[in-house]
Amino acid sequence: MKFHLQEVYVVNPRHLETYFSKWEQSVKEKIAANIENAHLNNPKIPLKYVKEVGTKVYPISTPLDPAEVLKTL
């Protein structure tokens with residue numbers, strides 16, 4: 001099976017903090033409830049949100065360095 005890269009976005013971690021906090025709280029609650037496997041199973045961030053807050057770095061007519069883009073966010 002082949003995959004073809006269509007788009008790449010860079011997102012500042014502060015824009016993802018809501019998701020990280022929610023996931024962290026979920027794991028803490030599972031630990032508190034003595035759930036044996038207190039982990040997340042493949043958490044997702046909606047692509048629509050990534051496109052709203054992120055910067056598209058591929059494909060683009062002028063090449064960008066994702067690390068440099070992060071510095072501007």
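Helices here are DSSP runs of H or I with at least four residues, numbered from the N terminus. The model is predicted: local features need pLDDT of at least 70, side-chain atom pairs count only at pLDDT 80 or more, and totals for chains, interfaces and linings use all residues. Residues are numbered from 1 along each chain as its sequence is written, and side-chain values use heavy atoms, without hydrogens and water.

**View 1. The ends of helix H1.** At the start of H1, a side-chain oxygen of Asn12 comes to within 2.9 Å of the backbone nitrogen of Arg14. Just after H1, Asn34 adopts a positive phi of about 60°.

**View 2. Span and bend of H1.** The 20 residues of H1 reach 27 Å from first to last C-alpha, close to the 28 Å expected at 1.5 Å a residue (1.5 Å times one less than the number of residues). H1 bends by about 35° at Tyr19, the angle being taken between axes fitted to the seven residues ending there and the seven starting there.

**View 3. The Tyr19 and Trp23 pair.** These two residues form a tilted aromatic pair, 6.1 Å centre to centre with 50° between the planes. Rings of Phe, Tyr and Trp (its six-membered ring) pair if their centres lie within 6.5 Å; planes under 30 degrees apart count as stacked, over 60 as edge-to-face and the rest as tilted. Tyr19 and Trp23 are separated by about one helical turn because they lie four residues apart in H1 (residues 13-32).

**View 4. The aromatic cluster.** Tyr19, Phe20, Trp23 and Tyr49 form one aromatic cluster. The structure holds three aromatic pairs.

How values were computed: Helix = DSSP H or I, 4+ residues; strand = E, 2+ residues; numbered from the N terminus. Polar contact = N/O pair within 3.5 Å; in protein donor to acceptor, adjacent residues only side chain to side chain.
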